Amino acid sequence: MDKKIQVADKTYWIGYIDDRKVPFHRLTLEKGTTYNSYLLFTEKPTVIDTVDISFGKQFVETIGQYIAPEEIQYIIINHVEPDHSGGLPALANKAKNATIVTTELGAKELKEMYKLHHREFMVIQDGDTLDIGGKTLKFFETPYLHTEETMITYCIEDKVLYPCDQFSSHVATYQLFDDLAKEDIMPDFRVYYQLIMHPHRPYVQDMIEKIKDLEINIIAPSHGYILRSDAKKYIRAYDEMSRPNQDTKKALIIYSTMTGNTKAVANDLADGLKHKGISVQIMNAQTNSNIEAIKEAILTSDAILFGSSTRYADMVGSLESILQELKEMDLEHKIGIAFGSYGWSGEAIEVIQDYLKQSNLKVIDSGYMIKTTGMDHLQFPIRVKFKPEKNEKEKLFQAAQAIGDLLLG
Ligand SMILES: Cc1cc2nc3c(=O)[nH]c(=O)nc-3n(C[C@H](O)[C@H](O)[C@H](O)COP(=O)(O)O)c2cc1C
């Protein structure tokens, strides 16, 4: 395309329009798609996302119409799938001094995928900012939207959100802005959401929570229309479509901790549950003193996971006062699970398990799991020595997914 498409101040669309019937995730995209990439022409020129791996050469040529690729300082990769990062090897080959900006897992995967071990990476953490000389970018980790390493980028001065796959649609349009579309774009927008995002809807809710206070004028995703007519309308649509409904199962994770290890276990369990589409609420028993609110949360959940670390052979914090209430509550048809981090003996986890058995919760232990699922490699109650490291994290994720499967029947 010869015409330059300006998205914001000194910001240009440099993507590729793929008007073939595109094979995609075992589907065929009848209307084709676009791979949207953006050039921010600041003092430190920055590219946000690239294009499909088939079009790397054209991509570098497009950039050449604006700037010598060698001058690019930063390449932001929000999501590593090759329909967005596929132009990276061709671009990185020319932009020899550019730093590649992505999440920790994104960096690991990109190095392997494109043999970029020798390149300089900047690994971002949730909420980090980057000054690109005249504009400031802010990054938010949005795992599983739609793969684990994903993040999104927000330009503070321009009020533009670059959410990669999120808020996309698969349409090979030459009218890239939603207000110029010749058709109602909502059906394609919704279909895309249902196919790609809805299986991870609890993470969509997390993402909306992260961006809720941002002033967003334009949403510039990586497929299809750039949304500038009413950005809030599209965020509202994602919120409505991802909200838990009556069929969504809910898990409550409630824990006590001394140094955060049990909190880390709780977070890993939450990830596995959310991955199964379970809505998750996490409560720290030490900072939530309202026992009535906690009881209400228990009564409205389908699974309740109680966790504590062990201190002098017992639980820590105020978890016990909650556990004492259970036997007075009607918890039939709900699942109860004990977990915790410990050092050498982990008595607290067993004490929690004893409390759960005194209630009418269906208490999960290894024997129950083997009998109902045939899986003998998961340990219930869930015991983790000190802080969960890589292997334990993987096991926790699997255990949570197994709990999710129990809930989903
Ligand atoms: C004062 C103190 C007493 C502890 N007593 C025990 C114990 O009796 N049995 C055990 O297995 N671990 C014990 N630990 C180890 C903790 O349970 C372990 O460090 C755990 O990972 C802490 O998790 P948290 O950060 O969630 O509190 C003790 C730790 C401290 C600091």
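In strand S15, the bridge partner of Thr 153 is Tyr 162, and S14 and S15 are joined by three bridges and run antiparallel. Two strands are said to pair if DSSP finds at least two bridges between them. The strands themselves are DSSP runs of E with at least two residues, helices are runs of H or I with at least four residues, and both are numbered from the N terminus. Please keep in mind that this is a predicted model, in which local features need pLDDT of at least 70 and side-chain atom pairs count only at pLDDT 80 or more, while totals for chains, interfaces and linings use all residues. Residues are numbered from 1 along each chain as its sequence is written.

Let me stay with this pair of strands for a moment. S14 and S15 form a hairpin with four residues between them, and Lys 159 in the turn has a positive phi of about 60°, although Lys 159 is not a glycine.

Strand S14 itself, residues 151-155, is mostly covered, with five of its five residues buried. Both of its faces are covered, with Met 151, Thr 153 and Cys 155 buried on one side and Ile 152 and Tyr 154 buried on the other.

Now to the sheet that these strands belong to. Strands of a sheet pair through backbone hydrogen bonds, either parallel or antiparallel. In this model five strands form an open sheet in the order S12-S13-S14-S15-S16, and the pairing is mixed. The edge strands, each of which pairs on one side only, are S12 (129-131) and S16 (218-219). Strand S13, residues 136-141, pairs with S14 in the antiparallel sense over five bridges, and Phe 140 stands opposite Ile 152 in S14. S15, residues 160-162, is joined to S16 by two bridges, and these two strands run parallel; there, Val 160 has Ile 218 in S16 as its bridge partner.

The loops also deserve a careful look. The peptide bond from Leu 145 to His 146 is cis, with omega near 5°, and His 146 is placed in the loop between S13 and S14. A cis peptide bond also runs from Phe 380 to Pro 381, with omega near -5°, and Pro 381 sits in the loop between helix H12 (366-373) and strand S22 (382-385). Ala 313, in the loop between strand S19 (303-308) and helix H10 (319-323), has a positive phi near 65°, and Ala 313 is exposed, with 12 other C-beta atoms within 10 Å.

Finally, I turn to two helices. H6 (residues 201-211) and H7 (residues 231-242) pack at an angle of about 140°, with their axes 9 Å apart; axes are lines fitted to C-alpha atoms, for helices over the stretch in contact, and angles run from 0 to 180 degrees between N-to-C directions. H6 and H7 are therefore oblique to each other, since angles under 35 degrees count as roughly parallel, over 145 as roughly antiparallel, 65 to 115 as roughly perpendicular and the rest as oblique.

Terms used: Buried ≥ 20, exposed ≤ 12 C-beta atoms within 10 Å, placed from the backbone.
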